[in-house]
Amino acid sequence: MEDLSLQSKVKESRDDEFSSISLRPLDLSDIDHFMVWATDEKVTRFCAGEPYTSKEKGLDFIKNKVLPHPWFKAICLGNRPIGIISVSENSGIKRCRGELGYLLASKYWGKGIATRAVKMVAETIFDEWPHLERLEALVDVENVRSQKVLQKAGFLREGVLRKYLIQLGKARDMVMFSLLSTDPRI
């Protein structure tokens with residue numbers, strides 16, 4: 001009986017720890033935290049490029065890609081970045097769609113953090129960008145964890161786009177997920 005009580009207290013403690021998830025702008029001062037996941041091959045396995053090999057390349061990415069980006073946030077535990085999440089805007093006839101992308105330090109996988117961050121974006125992005133009617137995410141067919149994140153966050157799995165893009169020199173099949181501004185939030 002004491003074991004169940006102890007397990008319950010440990011779970012409550014863990015739930016409290018992960019209830020302080022927030023999103024905020026990623027800054028140059030976050031470089032050491034950024035490098036934790038940006039150099040991890042488990043995290044970058046399904047990304048377009050190789051893991052970062054130097055702080056200078058990480059700083060260059062933050063300075064030239066993140067800071068000018070219209071919607072790029074750090075996923076924070078407390079105020080410490082443990083991942084990133086972004087929505088990329090389209091223009092012209094594609095203006096009604098945005099593309100969601102996210103990464104999370106592998107130490108935090110399986111704890112519901114990515115799902116919570118995706119839900120946080122879904123709760124606000126349609127208000128912040130009223131022209132947006134569709135938020136979509138492309139996930140490698142082998143990235144089952146990320147597919148589960150999106151499904152738990154209320155995204156609809158639309159189908160597989162065969163040989164849709166090149167990652168690390170190889171054509172990859174991608175699964176398309178979407179959430180519409182009119183879809184119920186989970």
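In the predicted model described here, helices α5 and α6 pack at an angle of about 45°, with their axes 9 Å apart; axes are lines fitted to C-alpha atoms, for helices over the stretch in contact, and angles run from 0 to 180 degrees between N-to-C directions. That angle makes α5 oblique to α6, given that angles under 35 degrees count as roughly parallel, over 145 as roughly antiparallel, 65 to 115 as roughly perpendicular and the rest as oblique. The contact is made by Ala-114, Thr-115, Val-118 and Lys-119 on the α5 side and by Val-149, Leu-150 and Lys-152 on the α6 side, where contact means heavy atoms within 4.5 Å. Helices (H or I, at least four residues) and strands (E, at least two) are DSSP runs, numbered from the N terminus.

Residues are numbered from 1 along each chain as its sequence is written. Because the model is predicted, local features need pLDDT of at least 70 and side-chain atom pairs count only at pLDDT 80 or more, while totals for chains, interfaces and linings use all residues, and side-chain values use heavy atoms, with hydrogens and water left out.

The sheet consists of seven strands in the order β1-β2-β3-β4-β5-β7-β6, and it is open, with mixed pairing; two strands pair if DSSP finds at least two bridges between them. Strands β1 (21-25) and β6 (156-167) stand at the edges with a single partner strand each, so one side of each is left without a neighbour in the sheet. On average, neighbouring strands of this sheet are turned by 30° against each other, direction ignored.

At the β1 end of the order, five bridges join β1 to β2 in an antiparallel arrangement, and Ser-22 has Cys-76 of β2 as its bridge partner. Strand β2 (residues 72-77) is in turn joined by six bridges to strand β3 (residues 80-89), again running antiparallel, and here Ile-75 is partnered by Gly-83 of β3. Together β2 and β3 form a hairpin with two residues between them, and Gly-78 in the turn has a positive phi of about 70°. Strand β2 is mostly covered, since five of its six residues are buried, where buried means under 20% relative accessible area, exposed over 50% and partly exposed in between (1.4 Å probe, protein chains only).

Further along the sheet, strand β4 (residues 97-104) and strand β5 (residues 134-140) run parallel and are joined by three bridges, with Arg-134 of β5 as the bridge partner of Arg-97. In β5, seven of seven residues are buried: Arg-134, Glu-136, Leu-138 and Asp-140 point one way from the strand, whereas Leu-135, Ala-137 and Val-139 point the other way. Helix α6 (residues 144-152) lies across β4, β5, β6 and β7 (170-180), running at about 160° to β5.

The largest nonpolar core has 47 residues, and those with the most contacts inside it are Ile-85, Leu-100, Val-118, Ile-125, Leu-150 and Phe-155. Helix α5 (residues 113-128) gives the most to this core, with eight residues; a nonpolar core is a set of buried Ala, Val, Leu, Ile, Met, Phe, Trp, Tyr and Cys residues joined through side-chain atoms within 4.5 Å. Not counting residues up to four places away in sequence, Leu-100 touches several residues, among them Ile-85, Val-118, Val-121, Leu-135, Leu-150 and Phe-155.

Leu-156 lies in strand β6 and counts as exposed, at 52% relative accessibility. Most residues other than glycine have a negative phi.
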